[in-house]
Amino acid sequence: MALKVTGYTSASNAYKIVNDSDSDENAEVDVIGSSGRIYAIDITNAAGTNTSYVKFKLTTGTVTVTTTEPDMMLVCGPNTSESYQFPNGLPFSQLSFWTTRNAATSDNTAPNQTTVNILCS
């Protein structure tokens, strides 16, 4: 996994950019270490044949892929990019996520070439 979290401050707010250049079926747990709000999520699926399902747990607690019910799931088709915007910010108490090839909670099939970028505070 290639998880990177970068923080920056503007004149009025402090933001973090979470970049996982190889998001997969292994959960990234509590990636910023605090609560916050999600403002945008960009997903790129470079795989030519498989859909990527990015699953998010936005509440505190243990994350177990195949049994943890995601609080939110975003879809990105094969060989495409998707951008999801939350203008008022989507609140979370703990930001965790993982990506699989299938929508089922029980799935742990590794996706191919999925990048996830999250702008949060």
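## Basis

Local features need pLDDT of at least 70, side-chain atom pairs count only at pLDDT 80 or more, and totals for chains, interfaces and linings use all residues of this predicted model. Residues are numbered from 1 along each chain as its sequence is written, and side-chain values use heavy atoms, with hydrogens and water left out.

## The sheet

An open sheet is formed by 5 strands in the order β1-β2-β8-β3-β6, with antiparallel pairing. Strands are DSSP runs (E, at least two residues), numbered from the N terminus; two of them pair if DSSP finds at least two bridges between them. β1 and β6 (80-92) are the edge strands, each pairing on one side only. From one strand to the next, the twist averages 15 degrees, based on axes that are lines fitted to C-alpha atoms, with angles from 0 to 180 degrees between N-to-C directions.

## Strand β8

β8 (residues 114-120) pairs with β2 (residues 14-20) in the antiparallel sense over 5 bridges. K16 stands opposite C120 of β8, and D20 has V116 as its bridge partner. Strand β3 (residues 36-45) also runs antiparallel to β8, joined by 7 bridges; here T44 is partnered with T115.

Because 5 of its 7 residues are buried, β8 is largely enclosed by the rest of the structure. Buried means under 20% relative accessible area, exposed over 50%, and partly exposed in between (1.4 Å probe, protein chains only).

## Residue Y8

Y8 lies in strand β1 (residues 3-9) and counts as partly exposed, at 37% relative accessibility. Leaving aside residues up to four places away in sequence, Y8 touches N13, A14, Y15, I17 and L119, where contact means heavy atoms within 4.5 Å. The C-alpha atoms of Y8 and S121 are separated by 9.6 Å, although these residues are 113 residues apart along the chain.

Note on methods. Helix = DSSP H or I, 4+ residues; strand = E, 2+ residues; numbered from the N terminus.
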